[in-house]
Each structure stands twice: as structure tokens, then as C-alpha cells.
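I opened this entry to keep track of what I looked up, going from the whole chain down to single residues.

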Amino acid sequence: MCIDLIVYSGMVDSKEFAVGIFDALARRKRQRITKICKEELYDFWLQLSDQSFDARLQIFFDMADSNVDGRLAREEVQELIMLSASTNKLSTLKEKAHEYANLIMEELDPDGLGYIELWQLEALLLQKDVYMEYSRPLSTASFGGWSQNFGSFKPTNALRRLSCKLKYLILENWQRCWVVLLWLTAMVSLFLWRFYQYRNRAAFEVMGYCLCTAKGAAETIKLNMALILLPVCRNTLTWLRSTRIRLFVPFDDNINFHKMISCAIVIGIVLHAGNHLACDFPRLVNSSPEKFANLASDFKNKKPTYGDLLTGIEGLTGIAMIIIMAISFTLATSRFRRNVIRLPAPFNRLAGYNAFWYSHHLLALVYVLLLIHGTFLLLVHQWIQKTTWMYISVPLMLYVAERSLRTCRSGYYAVKILKVSELPGNVFTVIMSKPQAFKYRSGQYIFLQCPAISKFEWHPFSITSASGDNYLSVHIRIVGDWTQELKRVLIEGNESAIGRLKCNELENMDVRGPPKLLVDGPYGAPAQDYQNYDVLLLVGLGIGATPFISILKDLINSKRAEERMDSGTDVSTSDESLSSFASSISTAQPGKRKAMRIKSARFYWVTRELCSFEWFKGVMDEVAEMDQKGLIEMHNHLTSVYEEGDARSALITMIQSLNHAKYGVDIFSGTRVKTHFARPNWKEVFTKIAKKHPYSTVGVFYCGRPVLAKELKKLSLEMSQKSPTRFEFHKEQF
């Protein structure tokens with residue numbers, strides 16, 4: 001019962017730790033007990049629920065002080081470290097508890113007495129800021145003049161506040177608004193045009209407004225069946241991102257617009273098919289001979305039955321399209337696509353990404369049926385009035401050309417696997433040879449296909465190598481059957497390539513053994529536009545850090561190259577750290593090279609798993625070594641550890657600071673970059689950036705789960721209203 005309450009109190013998640021707290025509290029009373037009464041339980045509860053730093057520290061001290069003499073020997077300090085590691089779910093810290101206990105004893109027991117007391121430990125923990133100065137240049141910033149506030153920027157009048165809020169809402173959404181408004185206007189115009197056209201025909205006397213509504217809805221379906229292809233023409237969108245059109249069209253929302261169009265198609269189908277099946281077909285079948293006489297020539301002078309209308313070419317193609325689209329649209333919903341819905345076997349194969357991918361390719365048959373359906377229309381005989389082909393021909397040819405280009409290019413871009421490295425946390429990295437003439441920008445992504453697994457499946461992955469590197473790299477997290485199979489094929493098929501990835505091993509990679517991979521891309525993503533901002537705020541959750549790794553490397557390489565060129569030094573041979581960037585600037589003329597706009601960049605990597613820091617350890621070390629002028633601030637946040645200032649993590653914070661002061665390495669990431677605990681205070685982060693960079697444009701780039709995206713987008717809007725700094729939020733499709 002006591003253990004349950006301790007777990008409930010949030011102190012610990014392990015039975016052993018709960019028993020340790022129970023024993024420590026019992027020792028305070030000089031008791032040796034195996035059970036307690038209600039009053040004693042209540043007394044213990046009051047002690048446990050005390051949230052103060054001193055109270056929590058005292059409990060930790062008592063847990064290690066087994067002989068209750070008020071002193072901790074080296075072995076007891078080691079036990080205290082292990083208890084703290086257990087509280088924060090840091091199993092790797094337990095393995096080095098002996099080493100860290102020696103570190104603390106060296107600091108607090110310089111005279112070699114063999115023990116420390118509570119006051120010494122408390123003084124050390126409260127003075128941790130002295131030992132944390134090492135991380136200032138890399139993970140925090142020294143902000144002067146912080147007395148400035150945003151009061152002068154915030155309108156006091158209610159009407160002006162509303163006007164200011166409306167202004168920034170327009171600034172945030174004007175691109176989306178005009179595109180959606182144009183689309184809605186086109187649909188309404190086409191609907192009304194076709195509606196009134198049939199309102200003035202003889203068929204209206206028989207089938208009434210049902211026919212007008214069905215034909216108006218059909219016109220919107222034709223438009224949307226053409227438009228829905230454009231947002232998924234990736235090569236075209238990638239090219240358009242590099243033009244000035246990006247200033248007016250929100251290409252980041254292409255998938256959202258694709259989904260909006262699909263919803264409009266569903267509505268159009270309901271109106272079109274519903275009115276035909278439930279209204280105008282019955283009215284036509286049951287019409288009087290006098291009324292039908294006006295339409296007899298359209299039906300070869302024979303009144304059709306309801307069955308004739310359904311079994312004709314128009315009816316069969318229409319019904320077939322509805323069935324295929326219903327299947328495809330249903331399996332494309334998030335609950336089916338993400339395998340949230342658990343179906344019994346064998347229906348379980350109807351959920352998941354594969355079902356979504358294959359069912360979407362059935363829509364190719366829908367376009368064939370749509371052309372046939374539009375050719376054999378009822379009540380329309382002149383080819384010029386059969387407009388279906390006019391709507392879909394150009395978008396369909398563009399899409400077919402894109403798919404053909406993808407097929408040809410993937411064969412040309414077959415790559416050699418240079419190295420496969422298995423990393424902790426169900427992640428592995430693949431380094432590939434860079435195809436000739438393959439050019440990309442940091443922040444973009446590629447599609448990979450492994451013919452040994454499937455000749456049809458392509459999966460997207462962010463590029464983690466810098467744009468000037470002579471190789472391609474991706475980090476892949478195992479989240480489905482395809483990635484699991486890829487790991488098995490690559491790693492089990494070439495065991496000699498397994499190992500920790502190191503930058504200095506790139507010249508000695510094993511190129512034998514693994515099956516070939518096909519590469520398609522690169523394709524545009526929001527992060528590729530990072531150079532258009534004064535300040536960058538890059539936020540990645542877990543594996544969501546991948547789009548920003550190549551950006552960090554490019555920023556450093558670009559800045560160093562710029563400095564070298566300004567000093568007239570040859571960048572191609574002077575420094576190994578510039579080798580990855582040299583190829584990208586070798587053709588540029590020094591006098592015409594454009595200066596980098598970015599003044600500062602902050603990278604926040606938030607993860608629950610300590611092992612995640614192994615993924616980009618080499619990159620973090622490289623950035624820390626190369627960034628001499630503080631261009632990049634790196635912030636690693638480990639959310640499985642209690643926040644800084646909590647007694648449950650205070651000892652770990654102290655060990656972290658002492659270890660770096662002595663060895664220059666963070667005990668969590670294994671790099672010079674300090675690891676913070678718990679989640680960042682995002683409001684404080686935005687406030688600091690706004691105060692340090694007034695009148696600047698900040699690009700906020702996020703890749704991760706949707707929950708945090710809402711908070712970051714809201715803060716971007718709020719801070720743009722309250723300060724002279726403008727924040728523009730972009731979310732990667734995760």
C-alpha cells in the first residue's frame with residue numbers, strides 16, 4: 001500500500017526505489033518495521049509529498065545513509081547515484097556510478113577523510129552554476145539588456161489589439177486564403193454555369209432540379225479530379241519552390257490541399273450519384289409519354305428502365321468508380337493508414353501503409369473509367385460538350401510524365417551502399433555513394449526502394465548529409481514492416497559493415513555485399529528554405545531531428561568558407577573541415593558570392609531516449625569544434641529526466657557539470673554539447689529570441705508529432721503580435 005502511494009506521488013517508478021524510501025523514512029524514527037498503521041502511513045505521506053528541494057534531498061541522503069551517522073562514505077555515495085539514476089530511468093548511468101562517486105569524493109573530500117556530510121552535498125548542488133559555465137557558448141546565450149519588455153509593442157486599446165491580431169492572422173494565412181478562395185470560386189462558378197445550362201433544357205421538364213444539381217456537381221468533380229494530381233507532382237513542386245512563385249503559393253500545404261480536394265470530390269460524388277440514383281432516374285423512368293417525347297431522341301426513342309440506366313456504360317463505369325474510390329479514400333484515412341484500427345485476420349492487411357499505398361494506385365483505373373464515363377454521357381452528343389478530357393488531360397499527362405521520370409531516374413540513380421551502421425533505439429544509418437549529377441539542398445528528402453524487398457514500394461527519408469558532401473546518408477527508424485525488412489536485408493546480408501559511424505571512416509568503407517538501393521529525388525521540403533531567414537529555430541522530436549542535421553553542417557561550412565574567401569585564402573586545400581562545402585562553391589566567383597543572411601541558429605533536439613544522442617554524435621562534435629563564433633546554439637533535451645532544479649535530478653546535474661569541467665564531455669550525449677532535462681520552456685525560448693533579434697524574421701522549422709506543432713505555431717503568432725520580431729512557422733510532414 002505504501003509503495004502504491006509512492007508511485008502515485010510521482011517520486012519513482014520502481015519497486016526497489018520505493019522500498020528504499022520506505023526504509024529511509026523508518027530509519028528516521030529509529031524503527032525496524034515491516035508494516036505500518038494508518039497514522040504512520042499518513043505521516044510518511046506528508047514527508048513524501050513535501051516538494052521542497054531540501055526535503056527531497058534529505059530523503060535521498062537518508063536512503064544512502066544506511067547506518068544513520070549523518071555521513072556518506074564512497075560506497076554510499078555510489079549507492080545514492082544509483083538511486084538517482086533509477087529514479088530518472090538512466091540505466092547507463094548506473095554502469096559508471098563508481099567512476100562518478102570518485103569524482104564527487106575528489107571534489108568534496110580533498111582531505112581524504114573518506115566521507116562527506118549533507119551540508120557539503122547541498123552546498124555543491126546549490127553552487128552548480130559555477131560548474132555549468134562550460135556550456136554557455138554552445139547551449140545557452142548571454143543576453144544583455146534583458147530589462148527590455150514587450151509592453152511598448154503591445155497595443156493598449158482593445159480595438160487596436162483586435163486589429164493587430166487580425167493583421168498577423170492575415171500575414172500568417174494570406175497565401176492559403178487566396179488559393180482556397182480561388183478554388184472555391186472556380187467550383188461555385190462551374191456548378192452554377194452547368195446548373196443553369198440544364199435549367200434551360202427540355203430534360204429539366206422531366207427530371208427537374210435533380211438533374212441540374214447532378215450535372216453541376218459533376219462539373220466540380222471533373223475540376224477536382226484534375227486538380228488533385230497537382231499537389232502530388234513532387235518534381236514540379238520542387239522546381240516551383242526555387243522560383244518566386246513560392247512567395248505566393250504555400251507549397252508546404254500541398255498534402256493538406258490534396259486532402260481538401262478529396263473531400264470536395266466526396267461531396268460532389270454524393271450530390272451527383274445521389275441525385276441520379278434517388279431522384280432524376282426514377283423521375284425519368286416514371287415520366288408520362290408526353291413528357292418523355294421531348295427526350296426520346298436522346299434514348300433512341302425507347303424509354304429506359306431503371307435497370308437499363310444502371311447497366312449501361314454510364315451506369316457501370318459510375319458504380320465502378322464509386323466502389324474503387326470508396327475503398328481508396330477509406331484506406332487513406334489516418335486511422336487506417338497509421339494502423340490505429342486493429343482488424344482480425346485476414347482483414348488486418350486492410351490497415352496500414354501498404355494498404356494505403358496499393359489502394360491509391362487503383363485510382364489510375366478510376367481515371368480510365370472517368371474518361372469512358374465522360375465519353376458516353378446521357379443527353380450530350382457533341383464531342384465539344386463532353387468536357388471531361390479537357391479538364392484532366394494536361395494534369396494527367398503531367399503526372400504520368402512525373403512517374404515516368406521517377407522510374408527512369410531511379411534506374412539511373414542506383415547507388416552503392418558504402419556503410420550500414422546499427423544505432424541504439426531501433427535506428428540504423430545508411431551511407432550511399434552519391435550518384436553523378438545528383439544535386440540537392442539541405443532540408444530536402446529522397447525516396448528509397450529496395451528491389452530485394454519490393455519492386456513497387458518507395459519510402460521517404462530526410463537527407464542527413466550536407467549538400468556538398470560526396471556521399472548520401474539517411475537515418476532510418478524501424479517503425480514498420482518495410483524498415484524492419486530493410487534492416488534485416490542490409491545488416492544481416494553484410495555483417496562486416498555494422499559498426500559505429502565515424503566521420504574519419506568514410507574513406508575506408510566496405511562497398512561489397514549489400515543489395516542495391518534505388519534513389520528517387522531530391523524533393524522539396526519546408527526546411528530547404530532556411531536561407532531566407534535572419535534567425536533559425538530548428539526543433540526536432542526524436543528521429544524528427546534528421547531534416548536539420550545537414551542544415552547545421554551547411555551553416556558551419558558556409559560561414560567558414562565565407563570567412564576564408566573574405567581573407568583571400570584558398571578554401572579547397574586549407575582545411576579538412578571545409579571539404580564538404582568546397583565542391584558547392586568551387587564554381588562560384590569570389591566577388592559575386594552572396595553573403596549568408598542567417599545571423600544565428602538554434603537547434604532544439606527533444607527526445608525521451610538517452611540512446612538517441614548516439615545517432616548524431618559525430619555531427620554534434622563537429623559543430624561544437626567548428627563553431628568558434630557562436631553561430632549555432634545546440635540544445636539537447638532529455639525528457640525522461642526530471643527537470644533541472646528538482647532534487648531528484650540535482651545530483652545528476654552536478655555530476656554532469658563536474659564531469660564536463662574535468663573532461664570537457666557531457667555524460668549523456670558524449671559530446672561537448674550540454675544535455676538539458678525535461679521539455680524546453682518554449683515561451684521563454686521565443687521570448688529570448690525576440691529580445692535578442694528585434695526586427696528580424698525568424699524561421700521556425702519543426703519536425704515531429706502534431707501535438708507540439710500546435711503550441712509552436714500558436715507561439716509564433718503570439719510573439720509576432722507582441723514583439724517587433726516576426727516568426728514564421730513551418731512543419732515537416734512527419
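**Whole chain**

I began with burial: of the 734 residues in the protein, 50% are buried. I note here that this is a predicted model. For secondary structure I recorded 28 helices and 15 strands. The accessible surface is about 36400 Å², and carbon and sulfur atoms hold 57% of that surface. I also looked up the contacts with a separation of 6 or more, and 74% of them are between residues 24 or more positions apart.

**Nonpolar core**

Next I asked which residues have the most contacts inside the largest nonpolar core. They are Ile 81, Leu 90, Ile 104, Leu 536, Leu 555 and Ile 632, in a core of 57 residues. Helix α7, residues 97-108, gives the most to this core, with seven residues. As background, nonpolar side chains in soluble globular proteins tend to be buried together.

**Val 623**

I then turned to Val 623, which sits in helix α25, residues 617-626. I count Val 623 as buried because its relative accessible area is 4%, and the cut-off for buried is under 20%. Beyond its neighbours within four places in sequence, Val 623 is in contact with Leu 552, Ile 556, Ile 632 and Met 634. One of these, Ile 632, is also on the list of residues with the most contacts inside the largest core. I looked up a C-alpha separation as well: Val 623 and Val 673 are 50 residues apart along the chain, with 9.4 Å between their C-alpha atoms.

**Pro 680**

Pro 680 is in the loop between β13 (675-677) and α27 (682-692). Leaving out residues up to four places away in sequence, Pro 680 touches Tyr 604, Val 606 and His 637.

**His 730**

I found His 730 in strand β15, residues 726-731. With a relative accessible area of 16%, His 730 is buried. I looked for polar partners of its side chain and noted two entries. The side chains of His 730 and Asp 252 are joined by a polar contact of 2.9 Å. The side chain of Tyr 533 makes a polar contact with that of His 730 at 2.6 Å. Not counting residues up to four places away in sequence, the residues that His 730 touches are Asp 252, Pro 526, Tyr 533, Val 700, Phe 701 and Tyr 702.

**Helix α19**

In helix α19, residues 353-361, I listed Ala 355, Phe 356, Trp 357 and Ser 359 as buried. What covers the buried residues of α19? The cover includes α17 (313-332), α18 (334-337) and α20 (363-375).

**Surface patch**

A nonpolar surface patch of about 680 Å² is made by Leu 166, Ile 170, Trp 174, Trp 178, Leu 182, Leu 247 and Phe 248. I followed up Phe 248, which lies in the loop between α13 (234-241) and α14 (254-285). I put Phe 248 down as partly exposed because its relative accessible area is 45%, which is in the range between the buried cut-off of 20% and the exposed cut-off of 50%.

Notes. Residues are numbered from 1 along each chain as its sequence is written. This is a predicted model: local features need pLDDT of at least 70, side-chain atom pairs count only at pLDDT 80 or more; totals for chains, interfaces and linings use all residues. Side-chain values use heavy atoms; hydrogens and water are left out. A nonpolar core is a set of buried Ala, Val, Leu, Ile, Met, Phe, Trp, Tyr and Cys residues joined through side-chain atoms within 4.5 Å. Buried means under 20% relative accessible area, exposed over 50%, partly exposed in between (1.4 Å probe, protein chains only). Helices (H or I, at least four residues) and strands (E, at least two) are DSSP runs, numbered from the N terminus. Patches are made of residues with over 30% relative accessible area and no salt bridge: like charges are joined within 9 Å, nonpolar side chains (Val, Leu, Ile, Met, Phe, Trp, Tyr) within 5 Å. Accessible areas come from the Shrake-Rupley method with a 1.4 Å probe; for residues, only the protein chains shown count as cover. A salt bridge is a side-chain nitrogen of Lys or Arg within 4 Å of a carboxyl oxygen of Asp or Glu. Contact means heavy atoms within 4.5 Å. A polar contact is a pair of N or O atoms within 3.5 Å; within protein, one must be able to donate a hydrogen and the other to accept it, and residues adjacent in sequence count only if both atoms are side-chain atoms.
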